[in-house]
Amino acid sequence: MASTADIKNGVVLSIDGQLWSVVEFQHVKPGKGGAFVRTKLKNVVSGKTVDRTYNAGAKIDIENVDRRDFQYLYNDGEGFVFMDVADYDQITVPAATVGDAANFMLENQMVTIALNNGTPLYLDLPASVILEVTYTEPGLQGDRSSAGTKPAKLETGYEIQVPLFLETGTKIKVDTRTGEYLGREK
């Protein structure tokens, strides 16, 4: 058990059986009354944020979360297989944990996985990835870059909206947080 004096940004707390990461914290010592700690917590699994206040010296559970670099190998049907680049151990991460990140992962891509007691909690992808457009309708004469968008299928199977001038085979940069087109890769 730790106390509120151990709260820092990035520390993971166990509250009611769920893991919460400290986004912000502030020690407050009012002129009247006891000191307290005001925190903003983010649920590690769902991403939900809440504000929570603790009295100074209150006991809290700090969890050990290990963030390591892994290389994505393949999808075996039951989950996604990753290899730890430090010791070459392989782990299988369930599709539910990977979530939307599967839309932007190619084989041999590097990702950061947060582990708690050997259990994968979530994946961190780079902010953007380079993917190839495998199919899109051909553009028409007179199309402008700001005239509109059309659907395009990427090499991962994910479909996004791209400008009308893009053609099949073009490599583009895609935002992994929103799934939006960022530009052509030069």
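## A chat about pockets, cores and strands

Q: Which element gives the largest share of the lining of the largest pocket?
A: That's E12, with 4 residues. Keep in mind that this is a predicted model.

Q: Okay, and how much space lies in that largest pocket?
A: About 540 Å³.

Q: Which lining residues are closest to its centre?
A: Lys42, Val44, Tyr122, Leu123 and Asp124, out of the 25 residues that line the pocket.

Q: And which elements give two or more residues to the lining?
A: Besides E12, there are strand E4 (36-43) and helix H1 (95-98).

Q: Switching topic: how many residues are in the largest nonpolar core?
A: It has 24 residues. Phe82 turns up again here, as one of those with the most contacts inside the core, along with Val98, Met105, Val111, Ile113, Leu123 and Ile172. Leu123 also links back to the pocket, where it is among the lining residues closest to the centre.

Q: Which strands supply at least two residues of this core?
A: Strand E8 (66-75), strand E9 (79-84), strand E11 (110-116), strand E13 (128-136), strand E14 (149-154), strand E15 (159-163) and strand E16 (171-175).

Q: What other core lies apart from it?
A: There's another one of 11 residues, and among them are Val11, Ile15, Val22 and Ile60.

Q: Why would nonpolar residues gather like that?
A: In soluble globular proteins, nonpolar side chains tend to be buried together.

Q: Back to Ile172, then. What does it touch beyond its sequence neighbours?
A: Leaving out residues up to four places away, Ile172 touches Val129, Ile130, Leu131, Val133, Leu154, Ile160, Val162, Leu166, Tyr181, Gly183, Arg184 and Glu185.

Q: How do E13 and E16 run where they join?
A: They run antiparallel and are joined by 5 bridges. Ile130 stands opposite Lys173 in E16.

Q: And how many bridges do E13 and E14 share?
A: They pair over 3 bridges, in the antiparallel sense. Val133 has Leu154 in E14 as its bridge partner.

Q: What else does Val129 touch?
A: Not counting residues up to four places away in sequence, its contacts are Phe104, Gln109, Ile172, Lys173, Val174 and Thr176.

Q: How far apart in space are Val129 and Gly47?
A: They are 22 Å apart, C-alpha to C-alpha, and 82 residues apart in sequence.

Q: Last one: is Ser3 buried or exposed?
A: Ser3 counts as buried, at 18% relative accessibility. Ser3 lies in strand E1 (residues 2-3).

Q: Which residues is Ser3 in contact with?
A: Setting aside neighbours within four places in sequence, Ser3 is in contact with Gly57, Ala58, Lys59 and Ile60. Ile60 is one of the residues of that 11-residue core.

Methods. Residues are numbered from 1 along each chain as its sequence is written. This is a predicted model: local features need pLDDT of at least 70, side-chain atom pairs count only at pLDDT 80 or more; totals for chains, interfaces and linings use all residues. Side-chain values use heavy atoms; hydrogens and water are left out. A nonpolar core is a set of buried Ala, Val, Leu, Ile, Met, Phe, Trp, Tyr and Cys residues joined through side-chain atoms within 4.5 Å. Buried means under 20% relative accessible area, exposed over 50%, partly exposed in between (1.4 Å probe, protein chains only). Contact means heavy atoms within 4.5 Å. On a 1 Å grid over the protein atoms alone, a cavity is a set of points where a 1.4 Å probe fits but cannot get out, and a pocket is an open set with protein on both sides within 12 Å along at least five of seven lines; lining residues have an atom within 4 Å of a point. Grid points are joined across faces, edges and corners, and a volume is the space filled by probe spheres set on the points. Two strands pair if DSSP finds at least two bridges between them.
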